[in-house]
Amino acid sequence: MIKVLIAEDNAVNRELLRELLEGRGYTVLEACDGQEALQMIEEAQPELVLMDIGMPVLDGFAVIRRIRENPRLASLPVVAVTAYAMRGDREKILKSGFDGYLSKPLSPSSLTAELDRLLTKNAQSANQDQYHGGQPAGKDRAAGASSSGT
Ligand code: MN
């Protein structure tokens with residue numbers, strides 16, 4: 001089961017996200033502030049984090065900075081979920097280290113698209129050459145097995 005951490009201080013928003021994620025088969029973890037989010041990332045090792053920007057204790061920008069400073073967490077997919085929808089905010093958020101951006105109110109189809117994009121990113125980039133080259137799937141699998149054998 002793929003574990004997704006929701007870091008969000010608003011209980012209604014957490015509940016909404018939880019329902020969407022559980023409906024898609026993900027295991028859901030919840031954190032109510034930035035400090036708790038960091039702790040749960042270390043302890044429970046989620047595969048992806050959906051993070052509110054405006055949170056008590058540590059806000060989303062402080063949390064993403066600490067995540068990216070940690071070599072073990074540098075490649076953890078983290079998506080900002082926020083109502084900061086003003087011009088320029090998206091760029092600021094992506095520059096600060098988030099992998100993606102979803103604006104509130106949340107669109108379920110955008111959420112699904114982000115999860116699909118980020119949770120399959122590694123597999124797709126590993127196979128990209130083969131896709132473009134049109135080589136048979138069997139060759140993909142052999143290449144993947146030999147390069148990730150250990
Ligand atoms: Mn908030």
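Not counting residues up to four places away in sequence, Ala 7 touches Ala 31, Gly 34, Ala 37, Val 49, Met 51, Asp 52, Met 55 and Val 63. These contacts belong to a predicted model, in which the largest nonpolar core has 28 residues, and Leu 5, Ala 7 and Met 51 are those with the most contacts inside that core. At least two residues of this core are supplied by each of strand 1, helix 1, strand 2, helix 2 (34-44), strand 3, helix 3 (60-69) and strand 4.

Met 51, one of the partners of Ala 7, lies in strand 3, which covers residues 48-51. Met 51 has 26 C-beta neighbours inside 10 Å and therefore counts as buried, the cut-off for this class being 20 or more. Once neighbours within four places in sequence are left aside, the contacts of Met 51 are Ala 7, Ala 37, Gly 60, Val 63, Val 78, Val 79, Ala 80 and Val 81. Between Met 51 and Leu 5 there are 46 residues of separation in sequence, while their C-alpha atoms are 8.1 Å apart in space.

The chain as a whole contains seven helices and five strands, and its elements, read from the N terminus, follow the course β-α-β-α-β-α-β-α-β-α-α-α. Of its 150 residues, 24% count as buried. Among contacts between residues at least 6 apart in sequence, 54% join residues that are at least 24 apart.

The five strands form an open sheet with the order 2-1-3-4-5 and parallel pairing. Strand 2 and strand 5 (100-103) stand at the edges and each have a single partner strand, so one side of each is left without a neighbour in the sheet. Neighbouring strands of this sheet are turned against each other by 20 degrees on average, direction ignored.

Helix 5 (residues 108-119), in turn, lies across strand 3, strand 4 and strand 5, and runs at about 170 degrees to strand 5.

The loop between strand 5 and helix 5 holds Pro 105. In contrast to the buried Met 51, Pro 105 is exposed, because 8 other C-beta atoms lie within 10 Å of its own and the exposed class extends to 12 or fewer. The C-alpha atoms of Pro 105 and Val 81 are separated by 9.2 Å, although these residues stand 24 apart along the chain.

The average pLDDT is 85, and 78% of the residues score at least 70. Over residues 129-149, however, pLDDT stays under 50, and for this stretch the model has five contacts beyond four places in sequence.

Terms used
Residues are numbered from 1 along each chain as its sequence is written. This is a predicted model: local features need pLDDT of at least 70, side-chain atom pairs count only at pLDDT 80 or more; totals for chains, interfaces and linings use all residues. Helices (H or I, at least four residues) and strands (E, at least two) are DSSP runs, numbered from the N terminus. Two residues are in contact if their C-beta atoms, placed from the backbone, lie within 7 Å. pLDDT is the predictor's confidence in each residue, from 0 to 100. Two strands pair if DSSP finds at least two bridges between them. Axes are lines fitted to C-alpha atoms, for helices over the stretch in contact, and angles run from 0 to 180 degrees between N-to-C directions. A nonpolar core is a set of buried Ala, Val, Leu, Ile, Met, Phe, Trp, Tyr and Cys residues joined through C-beta atoms within 7 Å.
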